[in-house]
Amino acid sequence: MVKIVSRKALNTQNVYDIGVERDHNFVIKDGLIASNCFNKSHSTAYGYVTYQTAYLKANYPLEYMAALLTANSGDKDKVQKYIATCMNMSIQIESPDINSSEVDFTPADGKILFGLSAIRNVGDNARNCILEARSEGGGFESLADFCDRVDLGTVNRRALQSLIYCGAFDKINPNRNQLTQDLEFVYDWAQSRARDRESGQGNLFDLLGGAWSGDTNTNNVSGNVILSPPKAKDVEDFPPQEKLRMEKELLGFYVSDHPLKSISKSMKILSPINMAQLKNQREEAKVCVVVMLNNVKKVITKKGDPMAILQIEDLTTTGEAVVFPKTYDRISEILQVDAKLIIWGKVDKKDDQSQLLVDDAEPVENIELIVIEMTPEQATTIEQHHRLRTILKELKEQSGEKGKGKIPVIGIIKTENSRQLVRFGRQYWVQDSRTAIMALHNGYFSARIQPLAMTAEQ
């Protein structure tokens, strides 16, 4: 180990490629030491590893991404980024499954399963107990079968609720609310059976039958009447948004679905970058992103004015946005948790972290598009280009909102066999859709208003 005590500029010097078998430190002229000289093996090794990982990702994408997710399971931001990568690669990530999931992320049937270790409130002992019971007796057929076969002293009620809420029982019964209601009865029933097995005697109700749950009784192989596991009254499932909320709370991510997934294609029209790419933008760069609002923290400035700090996320990562008082006064009503917003703002970099300084925001549901349908001739004629730009610029000037249009403009070039979409920059976005349509029609362009959601389907 060599400690550098001084540095001296030597101007231009000859550089020697020195390769040795063992040592990386060398004694040079006048007894001085050149430390940490990398030999050729380092660059060769890095190049070889790069080739290996690229080969695996190209030829075994399922296994590669499962391994990558497992290796980075402790880093929430990286896992979310890799989940988004899987989505772009058309690899589906599925919620944990009590009959298929292992400890970590596992490739299975063309998909990647979340591991049981990812579920909050399910500790190592509970997870090992589940895997052992499944290994000994095969897959679980119902919630009652599960509770009857695992040690409920290890897999407690809280762990069972977490398994239900995150979707681990969905392939057995997709109604998570029904399973939650049934658990209140089944848990006590299974504990009673476990106590009877420990004492070496049969359950009184199993042997004699009885009107406990109202379900149809069945006979076992000996002909004795066995009461079916108790069951709660039928109830409707949780709303989709509530299921996703609980899923994220227990897994740290939206897995079975994402509130922004249905408009993922449209998001690329509204915003060419995602949250993960903010760090690559220069300081004070003007950007717009489509996000989900996770939290709103209201703050009072020294002058007594309200502002807010937002926790936001998209399909790639989470981040922070700051809404200063003037902007907050204008958009505060739409800053609701779970709202899907398009946010315009500037990039602010502090302590190697990037955040967004919000200039404006709008609910995604309110966004409409101006769709201009063009022929290949219109798309390739300079005169037509100039006429179209002139119309859009005049609309900006008439509205008096230069640079602040909230209605995106896209072009669709149609041929007999294809449709090509062209995204206009924000300098061409308009403020009034109906005025824009009239101006475009007067300029002999075919144009229409279209909701954002419909664009995602086309």
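**Reading accessibility and charge pairs**

Modeller: Buried means under 20% relative accessible area, exposed over 50%, and partly exposed in between (1.4 Å probe, protein chains only). This is a predicted model, in which local features need pLDDT of at least 70 and side-chain atom pairs pLDDT 80 or more, while totals for chains, interfaces and linings use all residues. Numbering starts from 1 along each chain as its sequence is written, and side-chain values use heavy atoms, without hydrogens or water.

Colleague: With which residue does K414 form a salt bridge, and how far apart are the closest N and O atoms?

Modeller: Side chains of opposite charge can pair when their charged atoms come close. The criterion for a salt bridge is a side-chain nitrogen of Lys or Arg within 4 Å of a carboxyl oxygen of Asp or Glu. Here the partner of K414 is E373, with the closest N and O atoms 3.6 Å apart. E373 belongs to strand β13 (residues 368–374) and K414 to strand β14 (residues 409–414), so their pairing ties together parts that are 41 residues apart in sequence. E373 is partly exposed, at a relative accessible area of 23%. The helix and strand names refer to DSSP runs numbered from the N terminus (helices H or I, at least four residues; strands E, at least two).

Colleague: How many salt bridges does a search of the whole structure find?

Modeller: The search finds 21 salt bridges. One of them joins R157 and D188, whose closest N and O atoms are 3.6 Å apart. This pair links distant parts of the chain, since R157 is in helix α6 (residues 157–165) and D188 is in helix α7, 31 residues apart. R157 is partly exposed, with a relative accessible area of 26%, and D188 is partly exposed at 39%.

Colleague: How should I read the pair K231 and D234?

Modeller: Their side chains meet in a salt bridge, at 3.1 Å from N to O. K231 is partly exposed, with a relative accessible area of 36%, whereas D234 counts as exposed at 67%. Salt bridges may also be read as networks: E94, K111 and K171 are linked in one.

Colleague: Is N177 buried or exposed, and which residues does N177 touch?

Modeller: N177 is buried, with a relative accessible area of 13%. N177 is found in helix α7 (residues 176–199). Leaving aside residues up to four places away in sequence, N177 touches V235, E236, D237 and F238, where contact means heavy atoms within 4.5 Å.

Colleague: Where is K393 found, and how far from V430 in space?

Modeller: K393 is found in helix α13 (residues 382–399), and is partly exposed with a relative accessible area of 45%. From C-alpha to C-alpha, K393 and V430 are 8.9 Å apart in space, while 37 residues separate K393 and V430 in sequence.

Colleague: In what order do the strands of the closed barrel run?

Modeller: Two strands pair if DSSP finds at least two bridges between them. The closed barrel has 5 strands in the order β8-β9-β10-β12-β11, and the pairing is mixed. Within that order, strands β8 (residues 286–300) and β9 (residues 306–313) run antiparallel and are joined by 8 bridges. To follow that pairing at residue level, look for N295, which stands opposite Q311 in β9.
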